[in-house]
Amino acid sequence: MSLLREKFSEVSRSLVPVVTLVLLLALTLVEVETDILVRFIAGSALLLVGLSIFLLGVDLAMNPIGENMATELATSKTAYKVAGLSFLLGFLVTVAEPDLLILGNQVEAASGKSISAMMMVYMVSMGVGVMISFGTFRLLSSRSYPVFMALAYGVIFVLAILVSEEFLAIAFDASGATTGALTTPFVLALTAGLSRIKGGKTAEEDSFGMVGVMSAGPILAVMLMSILTGQEHIQGEAELFLPDTGVLGPILHELPKVFMESLIALLPLSALFFIMNLAKFKVQKRELGRIIKGLLYTLLGLAIFLTGVYSGFMDMGQIIGRGIAEHHNWLLPILGFVMGMIVVLVEPAVHVLGQQIQDATGGRIPVKLIRITLSIGVGLAIAGSMLRIMIPEVKLWFFLLPGFAMAILLSFFSDPVFVGIAYDAGGVASGPMTATFVLAFAQGAAAMTPGANVLVDGFGVIAMVAMTPVLAIMILGAVFQRKILKGSKEEHAMLEEPAVTIQTGAALGYDCMMAVLNRGLSQEALDVARDAGAGGATIIHGRGSGGHDMKFLSFEMLKEKEIVVWLIDDRISGTIAKTLHEKLDLGGEGGGKVFLVPALAMGLKAPGKAAEMLRPEPAEGSVPPGENSAPA
Amino acid sequence: MIPDALFFAVVDRGKAGALLHWAREKGVAGGTIFAGEGTNPSPILSFLGISEVHKEVLMLGVTQDLSQQLFTAMKDEFRMDKRYKGIAFVVPFRQWLPDAPPKGEGYDRAKQPPFVCLITIVDKGKGELLMEVARKAGARGGTIVHAHGAGVPQDIYFPLLIEPQKDMVFIVDSRVRTQPIQDAIYREMGLEEQNKGIVIALPVLRTIGLYQPRSAGNRGRK
């Protein structure tokens, strides 16, 4: 399956439920004008194409850029450089984010100009830069992630007491706006790069968590700004809702605007990369070509995707929200739940996070399980927001405070990988789909509900979406942790396997020794083997099962494994295998196996010998097509 | 039964889990899965920068008997005799486990295996260049696996062991055909220099899913 087709089918699988639900509503409960309906379908098609291309671009460009930057960070010789570069990265990816400027303008208008839009953009970007800087230090110096996050949210809680509910909502909204379609994939790639270079036992959990760290930045920045400027209340009404008419008109109107926005958003980071490439990285021509192609895909995909979302989904969201609120008020929480559940799966960052979970854990953690949990979390967030719109007495902090408090508490009892994923999930879920479609739906509902304030209630939606997935995945992680603890006990009893020693053959050359070990043991294995006379080795990251079943709901869990490959003189390979087996306790704790495969030839030092050993026999010529078999 | 062969299957990403599950129902004790990338030689796709194909490699320790069964199943249930459905092959090995009676004969090295699996380890990013070299020498496909070497302490601010990133390339073909490929890789990737990488050849007893260019004499070079 080609890469593009893979992305295409992945996106369409997540888009189909959304389209089905909207069409169902449009044909039954809500009256929708034909041109808006047609535009929604056209928008969906644009979304499908755009998001597929965008995800491809992220794979080709964002990942290598993130990795190169991460290498530069991790191999810095001074602390100043680490701090400076990481701050710059965080600042640059955020400052050009179009959503942030839009939010800034809204706040400027609503605060009666006492907070200017540009001040808001710079403050928030600096907040992100500072947090990314702290986060990088935390990661590279291996300090506890749950403690770090607990401290960050502790400060947020204290500040939250000092600011008004409006600013609480705006603060979270700013965090949602910064974790946009571009920033999140880049920060994920940067983290993956850092953890890969750092390696070691914590590489898996180090691959996540930076998005969570980053999203605390804007919250802190906005709250500080509110306290410093003394601005407490904002007033104003949301703009009057007037749906666009026509099908092609709005699409063609959006496209160039969105294209420019995407270009501006992409520019600072790309510029930094190219400058650093000239000065430092000097990546190979082929790789550079691919990064440039990837950046073009990212730009093109993002522009098409956002055009589809803005022109096709915004009006539709408003109309559905209004229609349901007007005639079927009681349906709002239920519909909100369903809508939150399925819409979040179309978020670009959710796909990128899924890919990262797959890569970083070697497929050990089923991406599907994370997606379902994330879905339920966001569903609950939207349902809660609907309740808040319907019942004005229900305040935002009723949800936020206990939610985050519980999440922080659970983070100390959770599987460490899940803690990072959970904090990331908040930023990942609040992307462009939530910020447009779901928000429009909520605003529509608020507009038709007496007593609801469109502006304040609208802002709160993002805050809810930023909290519930964190809690949901944290709960999953805590359950998972208990399962794993139980699972490893059973495993011990089962690993008593029959065994055999095979004599080493004649000393014709080398053995390829492969050891399959539990994650984290490779460094020890390398040391043991080196002491016994082996040379260097190569390590692959994978997942595996060793006769024990570990099930979670209906998902089969495989253990994370490392495969270490050595090339060893076959006169000593047996002894080394034996030493490894004993020193690492492979029958018990180590949970691994050692295989020896005789190498026929190798080009290590003696090309002549290698070539000699592989001389073809004249009789053997062609291979039959299809199944090729030969007597063993 | 004590496993005496390593069964490898290269399939589309996401399918190895099902394969492992299925193999375990057939009595395989356990297996390991890791991610790899295939390459598509189409010039259009490579111009667009999307020639990469996501694959997964499944590694099972099996007995000779079981491997026969697995091959039949690969053909019947996973349709590996069709093109582009993935490949599978078997490498003989000697597993080392403690307290066992010595088994007299090991794998007979002198016997020439019908197929060969070439494993090349080079610095990260060079895997694709290597595939190009291999293709020119007649290779019909290969799988790139991302791997890393042992950590090296360096003079940097954080006390980290930086792990050098590597590409590991698997190429399976008949023994006759792999020889020029191995030579080409050795020469063109500059492996005679130290620390540039190594190429290893492992014996393969049986394969499924490998394809021959339509006309037998033609090596399928472009």
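This is a predicted model: local features need pLDDT of at least 70, side-chain atom pairs count only at pLDDT 80 or more; totals for chains, interfaces and linings use all residues.
Residues are numbered from 1 along each chain as its sequence is written, chains are lettered from A and ligands numbered from 1 in the order in which they are written, and side-chain values use heavy atoms, with hydrogens and water left out.

In chain A, the axes of helix α7 (residues 165-178) and helix α16 (residues 396-411) approach to within 11 Å and cross at roughly 55 degrees, where axes are lines fitted to C-alpha atoms over the stretch in contact and angles run from 0 to 180 degrees between N-to-C directions. α7(A) and α16(A) are therefore oblique to each other. The contact (heavy atoms within 4.5 Å) involves Glu165(A), Leu168(A), Ala169(A) and Phe172(A) of α7(A), together with Leu396(A), Trp397(A), Leu400(A) and Phe404(A) of α16(A).

A second pair in chain A, helix α2 (residues 34-74) and helix α11 (residues 248-281), packs at an angle of about 10 degrees with the axes 11 Å apart, which makes α2(A) roughly parallel to α11(A). Residues of α2(A) in this contact include Arg39(A), Leu46(A) and Glu72(A), while those of α11(A) include Pro250(A), Phe273(A) and Lys280(A).

Helix α15 (residues 367-390) of chain A has 24 residues, which at 1.5 Å a residue should span 34 Å, and the separation of 35 Å between its end C-alpha atoms agrees with this; the expected span is 1.5 Å times one less than the number of residues. Of these 24 residues, 17 are buried, so α15(A) is largely enclosed by the rest of the structure, buried meaning under 20% relative accessible area with a 1.4 Å probe and protein chains only. Gln356(A), located in helix α14 (residues 348-360) of chain A, likewise counts as buried, at 8% relative accessibility. Beyond its neighbours within four places in sequence, Gln356(A) contacts Leu188(A), Ala189(A), Ala192(A), Ser207(A), Phe208(A) and Thr361(A).

Chain B comprises five helices and 13 strands, these being DSSP runs numbered from the N terminus (helices H or I, at least four residues; strands E, at least two). Of the 222 residues in chain B, 60% are buried, and among its contacts between residues at least 6 apart in sequence, 73% join residues at least 24 apart.

Key. Angles under 35 degrees count as roughly parallel, over 145 as roughly antiparallel, 65 to 115 as roughly perpendicular and the rest as oblique. Buried means under 20% relative accessible area, exposed over 50%, partly exposed in between (1.4 Å probe, protein chains only).
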